[in-house]
Amino acid sequence: MALDRIEKLVEKYFEGETSIAEEKELKTYFSSTDVAQHLEQYKPVFGYFSQAKQEQFTPSIPLKSGKKQKRLAWLSVAAAVVVMVGIGFFAYQNTSDPNQENLGVIDDPEIAFRETQKALALISKHVNTGIESVNYLGEYQQSKNKIFK
Amino acid sequence: MNQKEFMQLVSPFKDKVFRLAKRLLVSTEEAEDATQEVLVKLWNKNENLDEYKSVEAVAMTMTKNYCLDQLKSKRASNLTIVHNNFTDREASLQQKVEDNDTWKWVEKIINDLPEQQKLIVQMRDIEEMEFEEIAKILEMNEQAVRTALSRARKMIREKMTNTHSYGIG
């Protein structure tokens, strides 16, 4: 390679006007063993450029995490919907159950009357036991009447 | 796009992204983190990737922005670790040691340049990219890139000449 051409290229190079091809030419020239004495100082620069391009990225790329997180988000939304629908369904079933259940029908009016009386008696009995426990409150009423006449 | 296709898409330039990140962040570990970050971001954009003309340019721009942000947040306590993994070459040990030494010196000079010039030197002199691409990635016009590059190259020459004549390197 002609020395004056290289010198011209070096000149152009520092002005930022060389093309990629010309820069490659310079790199090959400076990687050769016979570099002119006065250009020797540029050798490490071009040497470094060629060497720096060799470095590689070795770690793996954790791609899964990104996608998985997205999927997980959708999964949790779906799960929430399923849970809410489930709760709603059971609540609906529970409230509507008594209406649908067959409670039995008594056709004979006399038996029906007796059964009703029995049922009402049962209720009043329970209500009375409830009221009994409140009866002692009447004592307050009496004492109050004694004081405030 | 599935993982395999994505890997095929990024494999031609993932090293480039890594080297650019390392140029700015200096530490290998940080550069690796940055590269992973950028590629995962790219992967999450997955569906929209087809819209870009050059995914590589997008990746380089993302890397540049990410690293500059990273530097900004770490400026206060800037701890940098220099790692060099020089590849073996067929040369005598003496020659190798000498080369490593001067290369390290060049690396140091480049790392001392302003960020903008570092980026340009990395992309032009090391990655051999066209001015047009560089201008697009850096969101500058081509002439400005040329000027900055010339300035950076002259700075490297000046510092190299000093060390050469004083025999420090």
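Predicted model: local features only at pLDDT ≥ 70, side-chain atom pairs only at ≥ 80, totals over all residues.
Figure 1. A:Glu115 is partly exposed, its relative accessible area being 35%.

**Figure 2. Salt bridges of B:Glu128 with A:Lys27 and with A:Lys53.** The side chains of A:Lys27 and B:Glu128 meet at 2.9 Å, N to O. This pair joins two chains, because A:Lys27 belongs to helix α2 (residues 20-31) of chain A, whereas B:Glu128 sits in the loop between α6 (115-126) and α7 (131-138) of chain B. A:Lys27 is buried, with a relative accessible area of 10%. For A:Lys53 and B:Glu128, the closest N and O atoms are 3.7 Å apart. This pair also crosses between chains, A:Lys53 being placed in the loop between α3 (43-52) and α4 of chain A. A:Lys53 counts as partly exposed, at 31% relative accessibility.

**Figure 3. Salt-bridge network of A:Glu23, B:Arg124, B:Asp125 and B:Arg153.** These four residues are linked by salt bridges. Over all chains, the whole structure contains 16 salt bridges.

**Figure 4. Nonpolar surface patch of chain A.** A:Trp74, A:Val77, A:Val81 and A:Val85 together present about 430 Å² of accessible area. Of these, A:Val77 is found in helix α4 (residues 63-100) and is partly exposed, with a relative accessible area of 44%. Chain A as a whole exposes about 11500 Å², 60% of it supplied by carbon and sulfur atoms.

How values were computed
Residues numbered from 1 in each chain as written. Chains lettered and ligands numbered in written order. Heavy atoms only, no water. Patch = residues over 30% accessible without salt bridge, like charges linked within 9 Å, V, L, I, M, F, W, Y side chains within 5 Å. Areas by Shrake-Rupley, 256 points an atom, 1.4 Å probe, with all protein chains shown as cover. Helix = DSSP H or I, 4+ residues; strand = E, 2+ residues; numbered from the N terminus. Buried < 20%, exposed > 50% of the residue type's maximum accessible area, 1.4 Å probe, protein only.
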